[in-house]
Each structure stands twice: as structure tokens, then as C-alpha cells.
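Please read them with the model open beside you.

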Amino acid sequence: MLIFFLPLIALALICVPFMFIAKKVKTGKACKRAFIGNLCSFAGVMLLAIILPIGGFVSAATEEGVATVVSTGAGLGYLAAALAVGLSCIGGGIAVAAGAPAAIGAVSEDPKSFVKALIFVVLGEGIALYGVLISILILSYVSK
């Protein structure tokens with residue numbers, strides 16, 4: 001019975017603060033406290049998932065599969081590939097967030113500057129593509 005209700009409780013802990021955020025957005029109030037509450041409940045659920053693993057319910061991996069991945073170091077390769085993609089996409093997003101509004105403003109002032117403005121936006125997107133290429137190289141090395 002506990003195996004059925006524990007995931008439902010975890011889902012409720014994650015979803016309840018979103019209702020408070022939606023309520024505060026409708027009334028026009030700041031939703032900073034609700035967002036912090038959501039982060040804290042998410043951290044609590046993740047901590048419970050680490051402390052109280054429920055047998056085969058949480059993990060679909062077998063003991064042999066986990067031992068093989070850990071012993072060969074493939075897990076660190078997958079982690080490195082994920083970090084390469086994730087961090088490069090965050091950096092690319094920051095670059096585009098800064099460059100795109102400036103490019104739009106420049107093009108609205110002078111339509112001839114479209115190509116120059118586009119180059120700066122594309123350079124920001126290139127950061128994310130480099131991260132994807134690095135992760136492909138890492139994954140091809142890990143799979144050998």
C-alpha cells in the first residue's frame with residue numbers, strides 16, 4: 001500500500017506550490033515565496049527518493065548492468081556529455097538573450113544592418129552546437 005501512496009505524495013508535494021504560484025499570478029502578487037517553496041519541496045522529494053529507495057520500483061537497472069557501468073567509467077562519460085550539452089545550451093541562451101534584442105533594435109533603426117545583427121545572434125547559437133558536438137564525441141568514445 002505504501003508503494004502506491006508514496007509516489008502520489010511526492011507528486012502532490014511537487015504540484016501544490018504551482019497552484020499557489022498560479023493563484024498569486026492571477027492576483028498580481030509576487031510569487032517568489034511560492035517558487036522557493038516549490039524548490040524546497042522538490043529537494044525534499046529528491047532527498048526522500050535517495051534515502052528511501054523502493055526496491056525495483058525506482059530503478060529499472062539490474063545489479064549487473066549497474067556494476068558494469070560503474071566499473072568501466074561509462075557513467076562518468078554520460079555525465080560529461082550531459083554537462084557539455086546542458087552548460088553550453090545555458091551559455092547559448094544567455095548569449096542569444098543579450099544579442100537578439102540588440103539585433104532587433106539595430107535592424108529597426110537601419111534595415112541594412114540585418115546581416116551584421118544576424119551574425120551576432122548566430123554566434124550565440126553556435127555555442128550550443130559546439131556543446132552538442134563535444135557530447136557526440138564523448139558518447140562515441142564511451143560506447144567503444
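1. Confidence. The mean pLDDT of the chain, pLDDT being the predictor's confidence in each residue from 0 to 100, is 78, and 76% of the residues reach 70 or more. Confidence is highest in helix α6 (residues 114-142), at a mean of 90, and lowest in helix α3 (residues 55-58), at 51.

2. Ground rules. This is a predicted model, in which local features need pLDDT of at least 70 and side-chain atom pairs count only at pLDDT 80 or more, whereas totals for chains, interfaces and linings use all residues. Residues are numbered from 1 along each chain as its sequence is written, and side-chain values use heavy atoms, with hydrogens and water left out.

3. Overall make-up. The chain has 6 helices and 0 strands, where helices (H or I, at least four residues) and strands (E, at least two) are DSSP runs numbered from the N terminus. Read from the N terminus, the order of elements is α-α-α-α-α-α. Of the 144 residues in the chain, 18% are buried; buried means under 20% relative accessible area, exposed means over 50%, and partly exposed lies in between, with a 1.4 Å probe and protein chains only. The chain exposes about 10900 Å², of which carbon and sulfur atoms supply 78%; accessible areas come from the Shrake-Rupley method with a 1.4 Å probe, and for residues only the protein chains shown count as cover. Among contacts (heavy atoms within 4.5 Å) between residues at least 6 apart in sequence, 66% join residues at least 24 apart.

4. What span should the 36 residues of helix α5 (residues 74-109) have at 1.5 Å a residue? The expected span, which is 1.5 Å times one less than the number of residues, comes to 52 Å for α5, and this agrees with the 52 Å between its end C-alpha atoms.

5. The α5 and α6 packing. The buried residues of α6 pack against α5, and they are Ala 117, Val 121, Gly 124, Gly 126, Ala 128, Gly 131, Ser 135 and Val 142. In α5 the buried residues include Ala 74, Gly 77, Ala 81, Ala 84, Ser 88, Gly 92, Val 96, Gly 99 and Ala 103.

6. Is Ser 88 buried or exposed? Ser 88, which belongs to helix α5, has a relative accessible area of 10% and is therefore buried. Setting aside residues up to four places away in sequence, Ser 88 touches Leu 83, Ile 127, Ala 128, Gly 131 and Val 132. Val 121, in helix α6, also counts as buried because its relative accessibility is 18%. Apart from neighbours within four places in sequence, Val 121 is in contact with Val 96, Gly 99, Ala 100 and Ala 103; the C-alpha atoms of Val 121 and Ala 100 lie 5.8 Å apart, although 21 residues separate the two in sequence.

7. Ala 95 lies in helix α5 and, at 29% relative accessibility, counts as partly exposed. With neighbours within four places in sequence left aside, Ala 95 is in contact with Gly 124 and Ile 127, and its C-alpha atom is 7.8 Å from that of Glu 125, which is 30 residues away along the chain. Ala 106, also found in helix α5, is partly exposed with a relative accessible area of 32%, and its C-alpha atom is 7.1 Å from that of Ala 117, 11 residues away along the chain.

8. A nonpolar surface patch. Phe 114, Val 115, Leu 118, Ile 119, Phe 120, Val 122 and Leu 123 together form a nonpolar patch on the surface, with about 720 Å² of accessible area. Patches are made of residues with over 30% relative accessible area and no salt bridge, like charges being joined within 9 Å and nonpolar side chains (Val, Leu, Ile, Met, Phe, Trp, Tyr) within 5 Å; a salt bridge is a side-chain nitrogen of Lys or Arg within 4 Å of a carboxyl oxygen of Asp or Glu. Leu 118, found in helix α6, is partly exposed at 40% relative accessibility.

9. Gly 44. This residue is found in helix α2 (residues 32-51), and with a relative accessible area of 30% Gly 44 is partly exposed. The C-alpha atoms of Gly 44 and Ala 10 are separated by 8.9 Å, the two residues being 34 apart along the chain.
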